[in-house]
Amino acid sequence: MVTMNETIYALSSGGLPAGVAVIRISGNLAFPIAGSLAGALPAPRQAGLKTIRTRNGLVIDRGLVLIFPGPASFTGEDCVEIHVHGGKAVVNALLQELSAFEHCRLAEHGEFSRRALENGKMDLVEVEGLADLISAETEMQRRLALEHAAGGLSGLYNAWADRLTRARALIEAELDFADEDDVPGSVSDMVWADMKRLRLEISDHLAGADLGEIIRDGLKVVIAGAPNAGKSSLMNALAKREVAIVTDIAGTTRDVLHIDLNIEGYAVKLYDTAGLRETDEIVEREGIRRALRTVADADLVLSLAEIGSEAQRNFPGFVGKVLTIGTKADIHPGETNQYDLLISSATGSGLAELHELLRQDLQARSGMLSLALPSRLRHRTLLGESLRAVEAALASEDRGLDIRAEYLRQAATSLGRITGRVDVEDLLDVIFSEFCIGK
Ligand SMILES: Nc1nc2c(c(=O)[nH]1)N(C=O)[C@@H](CNc1ccc(C(=O)N[C@@H](CCC(=O)O)C(=O)O)cc1)CN2
Ligand SMILES: Nc1nc2c(ncn2[C@@H]2O[C@H](COP(=O)(O)OP(=O)(O)OP(=O)(O)O)[C@@H](O)[C@H]2O)c(=O)[nH]1
């Protein structure tokens, strides 16, 4: 029996007006609905120029129609694309007309991708990659997302899960033969040698998670230092606009502000924070508390001090790199090697060097050539679980083979949760809510 699902539609292209707008339809009724709107449909996957009409015969527009018979389509269902002129009234008229068909409704966020997932066209990591690809703003975000969307990570995790399954099968076989005399002990040796290699591969891969998260979410660079050190002025100079309020009153900045920079294709999130000092003023104290929390979460701290005063080198809860920067070089001429760098936000001196230091820092972090890197906390957590289970299996030599095999099963299950091979129903709503309508 063919089950009747709802046919969904949405404007898949961006804001209107635009040159062309793409309306996508997916589901059992996609072809009959398209036929009713456009008359005879073109051959599969070939664009046909058609007059699009309402059921009352009113012409909506002339546009290109494409049909993609399932399962060889993006969603795995019958899909139709109608490319019309991207005017608001044109698109509204077409969406209005679509809404009048029975069993046909507007798609929810990410619903096309959700159907692709449910029909086995994509797995969870690929779907996440697709969401990241759509929101990518820098070149490295794009490359990382494409690697994930195209199955780079999934292939790795599936191959690992298959190795774990094979290892378990060999152990099961050994258990079955255990009461016979000539047990091939070498099988077991082979299994554990491979599991040792796997442990190394997973832990090497996990070591790339820091970089993956930095590429996806941006390098968090926090400007910190005493009041009036020139933090907000540096932020504005790098943003090339007046993001933060600058005054000569110490303690001006209270909230944490941030801007996005693109340094050689890497996303950098630059934070301006309240000046650090002892104070009884309640609002300023809260600002300082937020500043310290932001610093603790940083990837890199720019510790600013007006030339002549000491730049703070240690921050509570922060273990990463601190760059010390002497500020207001225009009014403090002369050399000093007390700081890593001298700048003047007023004249712009030293800003190119700062940019270069950030670039070098990013380059030093991105030693790896492959972009098959975990990029979400979800990946990191599940990989950690999998690694610990492999470790437990390797470490329980004195225990029964059945227990060791159970650890390997757990390791494969954790990997399966990453790709969605294993139950992930609870996760789907969270993941798809990130999507735009029409994807
Ligand atoms: N007009 C248009 N452009 C688009 C998309 C789209 O849906 N429509 N895409 C949407 O994301 C992306 C392209 N991705 C696509 C992925 C799979 C299939 C597809 O039909 N897959 C079938 C057949 C594969 C084949 O013949 O090679 C399949 O996987 O079975 C189409 C587009 C980007 N550009
Ligand atoms: N001459 C000179 N003055 C600067 C420079 N950078 C900042 N100043 C001045 O120093 C004062 C404080 O600058 P801000 O950028 O507000 O300093 P801040 O560190 O953000 O200060 P708080 O918000 O109080 O923590 C202002 O009067 C700025 O005009 C610079 O490069 N040269």
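## Annotated site, pockets and ligands

In an unreviewed entry, UniProt places the feature "binding site" at Asn228, Thr247, Ile249 and Thr252. Although these positions are spread over 25 residues of sequence, they cluster in space, with a largest C-alpha distance of 8.3 Å. From this set, Asn228, Thr247, Ile249 and Thr252 are taken into the lining of the largest pocket. The model is a predicted one, and the distances and volumes given here are computed from it. As for its place in the fold, Asn228 is found in the loop between β7 (219-225) and α9.

The largest pocket has a volume of about 360 Å³. Its lining is made up of 23 residues, and those that lie nearest the pocket centre are Asn228, Gly230, Ser233, Val246 and Lys328. Helix α9, which covers residues 231-239, gives the most to this lining, with three residues. By class, the lining of the largest pocket divides into eight nonpolar, 11 polar and four charged residues.

UniProt also lists, again from an unreviewed entry, "domain: TrmE-type G" for residues 218-363. In the model, the end C-alpha atoms of residues 218-363 lie 14 Å apart, and this span is 25% helix and 25% strand. The domain assignment divides the protein chain into domain 1 (7-120), domain 2 (126-208 + 374-420) and domain 3 (215-365). The C-alpha centres of domain 1 and domain 3 are 50 Å apart.

Among the residues that line the second largest pocket are Glu137, Thr138, Gln141, Arg216, Asp217 and Lys269. At least two lining residues are supplied by each of α8 (209-217), β8 (257-263) and β9 (266-272), and by class the lining has three nonpolar, three polar and five charged residues.

Two ligands can be described by the residues around them. Ligand 1 has around it Arg24, Arg45, Pro71, Ala72, Ser73, Phe74, Glu81, Lys121 and Lys439. Ligand 2 is surrounded by 23 residues, of which the closest are Lys231, Ser232, Ser233, Gly251 and Asp330.

| Residue and atom type | Ligand atom | Distance |
|---|---|---|
| Arg24, polar side-chain atom | oxygen atom of ligand 1 | 2.9 Å |
| Arg45, polar side-chain atom | oxygen atom of ligand 1 | 3.3 Å |
| Glu81, polar side-chain atom | nitrogen atom of ligand 1 | 2.4 Å |
| Thr247, polar backbone atom | oxygen atom of ligand 2 | 3.5 Å |
| Gly275, polar backbone atom | oxygen atom of ligand 2 | 3.2 Å |
| Asp330, polar side-chain atom | nitrogen atom of ligand 2 | 2.8 Å |

Note on methods
Residues are numbered from 1 along each chain as its sequence is written. Chains are lettered from A and ligands numbered from 1 in the order in which they are written. This is a predicted model: local features need pLDDT of at least 70, side-chain atom pairs count only at pLDDT 80 or more; totals for chains, interfaces and linings use all residues. Side-chain values use heavy atoms; hydrogens and water are left out. UniProt positions are given in the numbering used here, feature names are shortened, and annotations may be inferred rather than shown by experiment. Helices (H or I, at least four residues) and strands (E, at least two) are DSSP runs, numbered from the N terminus. On a 1 Å grid over the protein atoms alone, a cavity is a set of points where a 1.4 Å probe fits but cannot get out, and a pocket is an open set with protein on both sides within 12 Å along at least five of seven lines; lining residues have an atom within 4 Å of a point. Grid points are joined across faces, edges and corners, and a volume is the space filled by probe spheres set on the points. Ala, Val, Leu, Ile, Met, Phe, Trp, Tyr, Cys and Pro count as nonpolar, Asp, Glu, Lys and Arg as charged, and the others, Gly among them, as polar. Domain bounds come from an automatic or database domain assignment. A residue is near a molecule or strand if one of its heavy atoms lies within 4 Å of it. A polar contact is a pair of N or O atoms within 3.5 Å; within protein, one must be able to donate a hydrogen and the other to accept it, and residues adjacent in sequence count only if both atoms are side-chain atoms.
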